[in-house]
Amino acid sequence: MKVTVLKTAEEIGVAVAKIFTDEVKANPDCILGLATGASPIPTYNSIIKTHKEEGISFKGVKTYNLDEYCDLPKADKNSYYTFMHEQLFNSLDILEENVHFLDGNATDTDAECRRYDNEINEAGGIDIQLLGIGNNAHIGFNEPADSFTDGSFKVKLTDSTIEANKIYFDENPMPHYALTMGVNQIMSAKKIVLIATGPKKAEAVRNMIKGEVTPQVPASILQNHNDVEIFLDEAAASLL
Ligand code: PGA
């Protein structure tokens, strides 16, 4: 694991965005795995800035998002589909048919998960996967569990995750289920970049980097990947 500690979330955003835009420059048909939440927002802002200033085209790029809530309309302001369009896709020249999400409203969620996994495999697998980390060390919505998960699946969110994310749901109750890529699937990305900022992430970050590899700390599996870059601010790195 390569760990980089920077002063601000904005500096992290610039550094991580460069990894992604360098990949798009070198491989205009690359496959990117993307994440939602507060952590990637500065990265997305910086990718948009580079796209505008340097004219890098995203027309050949395909994206696959990590997860999506169940039972929330796609057009809801809190769906990850909406988040990604508002935070990134609407400001790039990426093609709508090249951006992919799990459908959290599918009636047969098992079939939907197999469809998504097959599509990623047939596209050639993910070149770079962006991750945040939960306060409970989840990656995607892979919550602490008795075993590491494999492909995409439907998950019941833990109280810790509901507590962390319910701030975004002012009027409507937050969904308690989501579809998420599985841990082994995340691990099959050729490169993984994880961002963590703020003091609430410090314990999860320490357990991810210094603790034993255990499904109770889902992010600890990243110790077994040969190309992981972790970007932290000083608060998130404070227990290392
Ligand atoms: P955050 O979420 O970026 O909003 O902190 C990260 C996560 O839960 O994976």
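This is a predicted model: local features need pLDDT of at least 70, side-chain atom pairs count only at pLDDT 80 or more; totals for chains, interfaces and linings use all residues.
**Close-up views of the pockets, ligand and cavities**

View 1. Residues are numbered from 1 along each chain as its sequence is written, and side-chain values use heavy atoms, with hydrogens and water left out. The second largest pocket holds about 200 Å³ of space. Its lining counts 13 residues. Nearest the pocket centre are Lys 74, Tyr 81, Phe 101, Leu 102 and Asp 103. Two strands, β4 and β5 (99-100), each supply at least two residues of this lining. (Strands are DSSP runs of E, at least two residues; helices are runs of H or I, at least four; both are numbered from the N terminus.)

**View 2. The largest pocket is lined by 40 residues.** The volume of this pocket is about 870 Å³. (On a 1 Å grid over the protein atoms alone, a pocket is an open set of points with protein on both sides within 12 Å along at least five of seven lines; lining residues have an atom within 4 Å of a point. Points join across faces, edges and corners, and a volume is the space filled by probe spheres set on them.) Thr 36, Gly 37, Ala 38, Asn 165 and Tyr 168 lie nearest the centre of the largest pocket. Four elements each give at least two lining residues: α2 (41-54), β4 (67-69), α3 (80-87) and α5 (159-165). Helix α5 gives the most, with five residues. The lining of the largest pocket has 18 nonpolar, 16 polar and six charged residues.

**View 3. The ligand takes up space in the largest pocket.** (A molecule sits in a pocket if more than half of its atoms lie within 2 Å of the grid points.) Around the ligand stand Gly 37, Ala 38, Ser 39, Gly 132, Ile 133, Gly 134, His 138 and Lys 201. (Each has a heavy atom within 4 Å of the ligand.) By class, this shell has two nonpolar, five polar and one charged residues.

View 4. The ligand alone exposes 280 Å², and the protein buries 80% of that. (Areas come from the Shrake-Rupley method with a 1.4 Å probe.)

**View 5. The largest cavity has a mostly nonpolar lining.** The whole structure has two cavities of 30 Å³ or more. (In a cavity, a 1.4 Å probe fits but cannot get out.) The largest holds about 60 Å³ of space. Its lining is Phe 20, Val 24, Leu 32, Leu 34, Ile 47, Phe 58, Val 61, Thr 63, Leu 88, Phe 89, Leu 92 and Ile 94. The elements giving two or more of these residues are α1 (9-26) and β2 (31-34). Eleven lining residues are nonpolar, one is polar and none is charged.

**View 6. The second largest cavity has a charged residue in its lining.** About 40 Å³ of space lies in this cavity. Asn 142, Glu 143, Ala 145, Ser 147, Phe 148, Thr 149, Val 183, Pro 215 and Pro 218 line it. By class, five of them are nonpolar, three polar and one charged.

Definitions and conventions
Ala, Val, Leu, Ile, Met, Phe, Trp, Tyr, Cys and Pro count as nonpolar, Asp, Glu, Lys and Arg as charged, and the others, Gly among them, as polar.
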